[in-house]
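Open the model in your viewer and keep the sequence beside it. We will go from the whole chain down to a few atoms.

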Amino acid sequence: MSRSRIKEWRRFVEEQIAELTEFSEQSRESQAPVELDQTRQGRLSRVDAMQGQAMAQATDARRQRQIAALKAALSRIDNGEFGECFECGELIAEARLKSNPAITECIDCASARERG
């Protein structure tokens with residue numbers, strides 16, 4: 001992969017990390033503990049708020065896993081291994097990497113793994 005292409009991938013991955021980090025910071029309020037003050041809200045409203053809180057926490061956990069995977073992709077970029085399949089060593093299609101730069105398997109190896 002050319003140096004200019006590697007720089008493009010690095011920028012793309014860093015932008016995705018920044019975007020996910022920003023979303024995570026914006027969602028902090030919805031992850032806050034739910035107050036159990038019956039003068040402010042009824043029982044069903046608290047249940048709804050607690051469900052919303054749980055969903056926000058799960059979404060943030062997924063976001064954090066994706067950020068970690070993208071940081072690993074940055075390490076692969078630094079090591080010259082970005083875009084290589086961990087299983088067979090072949091290059092991963094650019095369209096596949098564009099959809100998720102944290103991908104570590106080519107489509108053939110991923111399909112074979114899923115088939116069992």
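**Whole chain.** Start by colouring by confidence. This is a predicted model, and its mean pLDDT is 87. Of its residues, 86% reach 70 or more.

**Helices.** Switch to a cartoon view. The protein has four helices and zero strands. Along the sequence the pattern reads α-α-α-α.

Select residues 43-79. This is helix H2, with the lowest mean pLDDT among the elements, 88. Now select residues 94-99. Here sits helix H3, where the mean pLDDT is the highest, 95.

**Surface and interior.** The protein exposes about 8,100 Å². Carbon and sulfur atoms supply 49% of that area. Next, look inside: 27% of the 116 residues are buried.

**Contacts.** Show contacts between residues at least 6 apart in sequence. Of these, 51% join residues at least 24 apart.

**The cysteine pair.** Select cysteine 106 and cysteine 109, and show their side chains. Is cysteine 106 buried or exposed? Cysteine 106 is buried, with a relative accessible area of 9%. Cysteine 109 is buried too, at 16%.

Now look at the two sulfurs. A disulfide is a covalent bond between the sulfur atoms of two cysteines.

Note on methods
Residues are numbered from 1 along each chain as its sequence is written. This is a predicted model: local features need pLDDT of at least 70, side-chain atom pairs count only at pLDDT 80 or more; totals for chains, interfaces and linings use all residues. Side-chain values use heavy atoms; hydrogens and water are left out. pLDDT is the predictor's confidence in each residue, from 0 to 100. Helices (H or I, at least four residues) and strands (E, at least two) are DSSP runs, numbered from the N terminus. Buried means under 20% relative accessible area, exposed over 50%, partly exposed in between (1.4 Å probe, protein chains only). Contact means heavy atoms within 4.5 Å. Accessible areas come from the Shrake-Rupley method with a 1.4 Å probe; for residues, only the protein chains shown count as cover.
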